[in-house]
Amino acid sequence: MEHAHDPSTAADDAPALPRLRPGGSRDRILDAAYELFLQRGIRDVGIAELISRAGVAKATFYAHFTSKDELVLAYLERCHQDMTVEAIIAETGRRTENPTGRLMAIFDVLDGWFREDDFQACAFISTMLEMGPAHPLGVTSIEYLAQVRAFIRALAVEAGLEQPDVLARSCHILTKGSIISAVEGDREAAVVAKRMAASLIRDHGGDPIAAD
């Protein structure tokens with residue numbers, strides 16, 4: 001349910017936000033959005049609060065972003081680059097070149113993320129759930145999430161696994177489900193999901209142990 005946010009009443013309860021990094025006005029606005037949206041969601045954060053947090057004039061805000069939705073799209077793009085899809089792809093490649101090993105490493109990357117002290121839910125899942133799958137921001141979030149499934153499928157094809165589309169869908173469900181479980185407080189969620197993924201890989205003709 002959407003509700004109004006009164007910064008004056010929440011100031012005592014809300015955790016202190018870190019200082020914004022130096023940079024241009026657009027970067028400062030994005031920094032503010034990144035911190036506030038991750039912490040409280042999209043609807044709870046108003047443009048006036050974003051402007052105040054970024055330390056820019058209202059005209060400056062609208063010179064960079066014509067609407068809040070446009071800012072959210074930029075925020076999701078930053079999340080895509082900084083903390084989710086591209087980070088997973090890059091990190092699995094650093095750990096191993098074996099495609100089956102990279103499939104398994106996805107869950108190792110998630111495990112490291114879940115154990116961070118400042119772990120928060122995936123921005124794409126949170127935005128999709130908050131805004132709904134039919135909302136343009138929900139649609140964009142789903143498209144970013146689909147890139148993980150496409151990456152899993154590509155690895156399955158490279159590994160010569162059977163029915164790569166089915167495997168990709170199954171492992172994608174495991175990644176999203178483990179994120180939700182971690183938000184609920186289960187920091188072992190990725191470990192459990194990895195064991196389930198290993199079983200799936202065997203069912204599709206692979207050998208996860210040989211890939212270690």
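Here are some worked exercises on a predicted model of a protein.

## Exercise 1: The overall plan

Find how many helices and strands the protein has, and what share of the protein is buried.

*Solution.* Start with the secondary structure: there are 11 helices and 0 strands. Reading along the sequence gives the pattern α-α-α-α-α-α-α-α-α-α-α. Next, turn to burial: 43% of the 212 residues count as buried. Finally, look at the contacts between residues at least 6 apart in sequence: 64% of them join residues at least 24 apart.

## Exercise 2: A search for disulfides

Work out how many disulfides the structure holds, and where the nearest cysteine sulfur to Cys79 lies.

*Solution.* The search of the whole structure returns 0 disulfides. Cys79 is in none, and the nearest cysteine sulfur, which belongs to Cys122, is 8.0 Å away. To be a disulfide, the two sulfur atoms would have to be within 2.5 Å. As a last step, check burial, for which the cut-off is under 20% relative accessible area. Cys79 has 0% relative accessibility, so Cys79 counts as buried. Cys171 is buried too, because its relative accessible area is 2%.

## Exercise 3: The surroundings of His172

Decide whether His172 is buried or exposed, and list which residues His172 is in contact with beyond its neighbours within four places in sequence.

*Solution.* First place the residue: His172 sits in helix α10, which covers residues 164-183. Its relative accessible area is 5%, so His172 is buried. Now list the contacts, leaving out neighbours within four places in sequence: Leu145, Ala146, Val148, Arg149 and Ile152. For one of these, Leu145, there is a further detail: its backbone oxygen lies 2.9 Å from a polar atom of the His172 side chain.

## Exercise 4: Salt bridges across the chain

Count the salt bridges, then find which parts of the chain are tied together by Arg78 and Asp31, by Glu35 and Arg53, and by Arg115 and Glu188.

*Solution.* The count comes to 10 salt bridges.

Step 1. Arg78 and Asp31 form a salt bridge, with the closest N and O atoms 2.6 Å apart. Arg78 is in helix α5 (residues 68-82) and Asp31 in helix α2 (residues 25-40), so this pair ties together parts 47 residues apart in sequence. Arg78 and Asp31 are both buried.

Step 2. Glu35 and Arg53 meet through their side chains in a salt bridge, at 3.1 Å from N to O. Glu35 is in helix α2 and Arg53 in helix α3 (residues 47-54), so distant parts of the chain, 18 residues apart, are linked. Glu35 counts as buried because its relative accessibility is 16%. Arg53, at 25%, counts as partly exposed.

Step 3. Arg115 and Glu188 also form a salt bridge between side chains, at 3.0 Å from N to O. Arg115 lies in the loop between α7 (99-114) and α8 (123-131), and Glu188 in the loop between α10 and α11 (189-203), so the pair ties together parts 73 residues apart in sequence. Arg115 is partly exposed, with a relative accessible area of 38%, and Glu188 is partly exposed at 40%.

## Exercise 5: Helix α3 and what covers it

Name the residues linked with Glu49 in a network of salt bridges, the buried residues in α3, and what covers them.

*Solution.* Begin with the network: Glu49 is linked with Arg40 and Asp44. Then stay in α3, where Glu49, Leu50, Ile51 and Ala54 are buried. The cover over the buried residues of α3 includes α2, α4 (58-64) and α5. Just after α3 comes Gly55, with a positive phi of about 70°.

Terms used
Residues numbered from 1 in each chain as written. Predicted model: local features only at pLDDT ≥ 70, side-chain atom pairs only at ≥ 80, totals over all residues. Heavy atoms only, no water. Buried < 20%, exposed > 50% of the residue type's maximum accessible area, 1.4 Å probe, protein only. Helix = DSSP H or I, 4+ residues; strand = E, 2+ residues; numbered from the N terminus. Contact = heavy atoms within 4.5 Å. Polar contact = N/O pair within 3.5 Å; in protein donor to acceptor, adjacent residues only side chain to side chain. Salt bridge = Lys/Arg side-chain N within 4 Å of Asp/Glu carboxyl O.
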